[in-house]
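User: I would like to go through this structure with you, one question at a time. Please give the cut-offs as you use each term.

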Amino acid sequence: MKADIRVALVGNPNTGKSTLFNVLTGLNQKIGNFPGVTVDKKVGYSSLPDGRTAEIVDLPGTYSLYPKSRDESIVFSVLADKANELSPDLVVVILDATNLKRNLLLYTQVADLKIPVVVALNMMDMAKKADIDINVDAFAQKLGVPVVPISARKTEGIDQLKQTITFANKVALQQDSIDVEAIAPQLIARIRQDIKVDNAYFALQLAHQHETLTFLSKEQSDHIEELEKEYDFHSQKAQGAETIARYNFINDLLYDTVTQKITAEDESLSNRIDKVLTHRVFGFIIFFAILLFMFQAIFAWSKYPMELISDGFVLAQTALHHYLPAGPLTNLLADGIVAGLSGVMVFIPQIAILFAFISILEDTGYMSRVTFMMDKIMRKVGLNGKSVVPLIGGFACAVPSIMSTRTIENWKDRMITIMVTPLVTCSARLPVYTLLISLVVPNKNVWWIFNMQGLALTAMYVFSLISAVVVAWVMKHLLRARERGYFIMELPVYRMPRWNNVLHTMYDRAKTFVIQAGKVIIAVSVILWVLASFGPGKRMDNIEQKYQQPQYVALQKSAPDSVSRLIASEKLENSYAGMLGHVIEPVIKPLGFDWKIGIALITSFAAREVFVGTMATMYSVNGDAEKMESVQAKMRNARNAQTGQPVFTLAVAMSLMMFYAFAMQCASTVAVVYRETKNWRWPAAQFAYMTGLAYLASLITYHLLK
Amino acid sequence: MRLSQLKVGEKGTVKEFTDLEMSVKLMEMGCLPGEEIKVERIAPMGDPIAVNVAGYQLSLRKREASTIILQ
């Protein structure tokens with residue numbers, strides 16, 4: 001879509017910026033990445049009263065143009081760099097009317113870049129309730145820009161805002177807030193002259209941020225560095241002086257335009273809620289109750305849609321086989337691509353539900369309280385209060401959880417969180433565990449109420465959390481910190497969640513997952529399909545011919561299913577995957593695994609749950625996961641050809657579970673870790689350490705139980 | 001007196017900072033010399049703390065609070 005004017009939304013976190021974005025653009029938005037970095041870029045379109053279309057860019061929430069995280073660093077680049085593909089014609093700065101002082105800092109910084117600015121004074125309804133009286137006209141006059149009072153949640157003032165955007169001036173008219181040049185007069189003058197920047201504040205920001213800005217050339221950056229030495233520029237001192245000057249301006253401004261009736265220190269509602277929610281006893285009880293509910297809901301609510309999706313894909317596969325001519329191309333399409341697609345799509349319900357919860361918890365302000373309560377515990381093991389959410393989300397699926405680590409500003413904390421999240425028992429491990437547990441753990445009750453199989457499953461979940469914590473603790477000592485860790489965080493007032501935002505988040509996350517992880521999963525599924533369907537030489541043909549022999553043809557008539565199962569299992573055994581299973585047998589023998597399990601390990605390389613399906617094929621039952629009992633029966637009766645002993649002893653099953661507990665058998669996670677870290681070394685290191693741990697844990701388990 | 005030494009419900013006025021890097025971040029968040037600051041609550045494990053400053057609630061670790069000197 002082509003737009004006539006580009007408008008950027010800028011504001012502090014928790015000011016209702018996303019709500020305003022959604023109100024302005026409706027469903028007419030798209031999500032992408034900002035060029036060069038993995039920061040979600042939200043762009044939407046809004047039609048203006050005069051018939052023109054405005055492209056609205058939602059920039060990440062930030063308290064200042066001095067970035068504290070990767071997300072925040074985008075804001076300055078987009079606003080200041082005229083060559084940026086998103087460089088706006090107009091900036092709408094959203095201010096929280098109930099918290100003007102801190103909000104205005106960012107406004108004065110943006111205004112000093114001398115881009116045309118409009119102020120949206122949000123949460124006017126809340127300000128009235130809090131007896132904050134803002135003289136909007138005087139306020140606008142002092143700033144020199146249009147100021148529109150709005151309430152994004154109640155969609156009040158949106159028409160006036162659109163009107164103001166339509167008729168906004170093309171030149172910047174705002175009043176100067178501080179004397180920028182006074183901060184470093186000679187340096188600013190030299191940068192303006194040498195780098196050819198006309199704006200003084202832009203020049204000053206270049207002095208602060210030149211090392212991380214991508215739009216500067218190496219020569220320019222080096223030159224700025226030299227100038228800084230020449231004029232003895234100290235970045236932090238300069239920033240401190242600037243901030244103090246800005247707040248002086250803000251205090252004067254607010255003194256003249258805002259009056260707040262001082263009500264006798266009455267306890268705010270938020271404070272009363274906090275007394276309960278962050279209470280030393282109830283706080284934790286409530287938190288764990290919420291987690292439990294979330295956890296239950298993710299499983300219970302996603303069960304039906306997940307079945308629907310996988311059934312739908314099975315139908316599609318059958319239809320493809322039925323209507324297309326038989327041959328390798330049809331097989332590739334149906335068993336490779338469609339099956340791979342199904343493996344991606346089936347996670348959509350869990351991702352959507354997880355993110356619905358996360359966005360509700362964030363929207364209400366509860367998430368920052370969780371961070372507040374958990375920070376000390378998490379810090380002990382090298383994590384951060386904000387790591388709680390990804391780790392919990394890991395119980396559903398590591399992929400969205402790793403995407404949610406972006407809120408962690410500290411690089412080291414974020415990396416450790418990304419590295420350990422896949423250890424948490426995700427839902428894809430569940431079918432594997434259920435199959436193996438029911439195979440070796442008796443379905444009996446102990447102490448009347450506890451089912452032994454249930455206990456075994458719970459033990460696997462608890463074990464996964466413990467291993468994540470231990471690995472995090474080890475990594476805390478291995479990784480070197482890039483910057484000092486700190487924890488200065490706003491605790492926003494409690495608010496009702498905005499259901500519209502929740503829906504948007506669910507949709508955004510599911511879409512990002514399908515597009516990003518989908519590519520890798522499908523590629524890997526196709527490769528695995530080739531490995532499992534083709535074999536060297538004429539092996540496959542020989543099998544086909546073998547079953548053309550009279551005795552099988554006769555059998556085919558009486559029991560067509562059993563023959564096709566025999567063919568499938570024999571083909572898999574003779575495929576490249578089957579050969580690989582034989583090749584790796586010496587390596588996995590110490591773990592108690594035979595080549596059949598080896599094949600399952602290879603086919604479930606991209607997605608753990610494939611293990612069950614492969615076991616079904618290997619043990620020649622109808623490859624339908626629904627028929628779990630028949631797989632179990634076959635596996636239980638499986639005997640080692642040489643010794644005659646059962647293959648799936650307690651030791652083997654436990655060893656296998658340990659393997660799946662640790663091994664990184666998930667292509668989507670590898671893909672998303674690459675996407676989030678932008679460096680192949682991280683997913684590679686993760687894959688290596690997890691596989692190594694898996695091998696070790698299986699080895700120990702097998703030999704202890706043998 | 002440092003901010004980290006205040007008990008829940010106690011107030012003070014920010015005088016200066018002992019750590020330059022931290023001071024820049026704190027000032028950005030509205031925690032400036034001359035501002036009144038009140039300890040609102042302490043996390044269940046004793047750290048971090050939540051304070052009221054510049055009209056909103058901010059949480060910070062004890063170690064960070066100890067860089068803020070009060071009048």
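User: Which residues have the most contacts inside the largest nonpolar core?

Analyst: This is a predicted model, in which local features need pLDDT of at least 70, side-chain atom pairs count only at pLDDT 80 or more, and totals for chains, interfaces and linings use all residues. Residues are numbered from 1 along each chain as its sequence is written, with chains lettered from A and ligands numbered from 1 in the order in which they are written. A nonpolar core is a set of buried Ala, Val, Leu, Ile, Met, Phe, Trp, Tyr and Cys residues joined through C-beta atoms within 7 Å, where buried means that 20 or more other C-beta atoms, placed from the backbone, lie within 10 Å of the residue's own. The largest such core has 201 residues, and those with the most contacts inside it are A:Leu9, A:Val93, A:Val119, A:Ala120, A:Leu121 and A:Met657.

User: Which helix of chain A gives the largest share of this core?

Analyst: Helices are DSSP runs of H or I with at least four residues, and strands are runs of E with at least two, numbered from the N terminus. The largest share, 10 residues, comes from residues 650-662 of chain A, which form helix 29.

User: In strand 4 of chain B, what is the bridge partner of A:Met489?

Analyst: Strands pair if DSSP finds at least two bridges between them, and strand 12 (residues 489-490) of chain A pairs with strand 4 of chain B in the antiparallel sense over two bridges. Within strand 4 of chain B, the partner of A:Met489 is B:Ser59.

Conventions: A residue is buried if 20 or more other C-beta atoms lie within 10 Å of its own, exposed if 12 or fewer, and partly exposed in between; C-beta atoms are placed from the backbone.
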